[in-house]
Amino acid sequence: MEEQEAYQKDIESIRKLMERSVKFISLSGLSGILSGLYALAGAGMAYYLIEFSSSSPGYDSAEMHERGMLLNLVGIAIGILVASLITGFWLTARKSQRVGAKIWDATSKRLLINLAIPLVTGGIFILTLLTQGEAALAVPACLIFYGLALINASPNVYEEVRYLGYSEITLGLIAAWCTDYALIFWALGFGVLHILYGAMMYKKYDA
Amino acid sequence: MKNPFENLDKTLEHRVRLQIMSVLVANESYDFNALKDLLEVTDGNLATHIKALEKEKYVSVSKTFIDRRPNTRYKTTERGRTAFRKHLDAIEDIIKQQRK
């Protein structure tokens, strides 16, 4: 009987180690919710910018105006990205302290590399789109590459991240057909989906 | 019925060794320091057990330099993977038999 307990313990420790050595468990669901809220705020700002600046016919040519607008929109997007990254990093550091795991270990390194490959590829591709005057496809491309990055990194995090990735890709592919509603798809993909999945993960792993 | 204890792997009966193997089976490769942090064991302790696994050819070692500092990475071999699986099967049998 004693032996059986010892073996049960062995099995338990194997299961825990296999999971902990692969999965980065300190990822905070709360950071998903917050970055979703940032994205919604950003989408609101972008909407305001588009609606109310186009009505005033300035002395700039239409082309100049469009370029200025594009720069503003890209600025908003980058601002949200930076804010989300800082929040995510801070909350994750806090959680890893709480669960007694290191934030910078072999698993989180691998997670970052797996995320970075599709993200950097997508970033360069989207910059190319913008400079080539194909700005309409920038939002679908953002969603698609972000989804691919999530799926690529999902073995190292919670399994919900993979489903979030599928959702982002689906949304991106649909968005490519309805470029007039780019802002709505952007708000759905980076706002609503983040809040939804973030809340799911927060309930399941953080609380 | 055959005695399931006979199927246990003598090398893997040690918990730290079994833990090392479980990390290496789940990951492509792992380096010494990361393994040490994960298992919360001392340098010497980990080195001894890895040596034992190396001797059985359950793990393979590759030594490289990163920023001029030595970096030792371990991988499990096919032989190690099979041994690990058989050992787990044996544990499973033992638990099953004792439940009856």
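User: What should I know about the numbering and the limits of the model?

Analyst: Residues are numbered from 1 along each chain as its sequence is written, and chains are lettered from A in the order in which they are written. The model is predicted, with local features needing pLDDT of at least 70 and side-chain atom pairs pLDDT 80 or more, while totals for chains and interfaces use all residues, and side-chain values use heavy atoms, without hydrogens and water.

User: How many residues of chain A and chain B are in contact?

Analyst: Contact means heavy atoms within 4.5 Å. Here 19 residues of chain A are in contact with 25 residues of chain B.

User: What area do chain A and chain B bury between them?

Analyst: The size of an interface is often given as the accessible area lost when the parts come together. Buried area is that loss, taken with a 1.4 Å probe and summed over both parts. Chain A and chain B bury about 1,900 Å², with 59% of it on carbon and sulfur atoms.

User: Which side chains meet in a salt bridge?

Analyst: A salt bridge needs a side-chain nitrogen of Lys or Arg within 4 Å of a carboxyl oxygen of Asp or Glu. The rule finds 1 across this interface. A:D10 and B:R15 form a salt bridge, at 2.6 Å from N to O.

User: Which elements of chain A give two or more residues to the side that touches chain B?

Analyst: Helices are DSSP runs of H or I with at least four residues, strands are runs of E with at least two, and both are numbered from the N terminus. On chain A, the elements are helix 1 (2–22) and helix 4 (106–131). Helix 1 of chain A gives the largest share, 15 residues.

User: How is chain B built?

Analyst: Chain B has 4 helices and 3 strands, in the order α-β-α-α-β-β-α from the N terminus. Its C-alpha trace spans about 55 × 25 × 20 Å along its principal axes.

User: Is A:L171 buried or exposed?

Analyst: Buried means under 20% relative accessible area, exposed over 50%, and partly exposed in between, with a 1.4 Å probe and protein chains only. A:L171 counts as buried because its relative accessibility is 14%. A:L171 lies in helix 6 (residues 160–177) of chain A. Leaving out residues up to four places away in sequence, A:L171 touches A:L143, A:F185, A:L188, A:G189 and A:L193.

Notes:
Buried area is the accessible area (1.4 Å probe) that two parts lose on being put together, summed over both.
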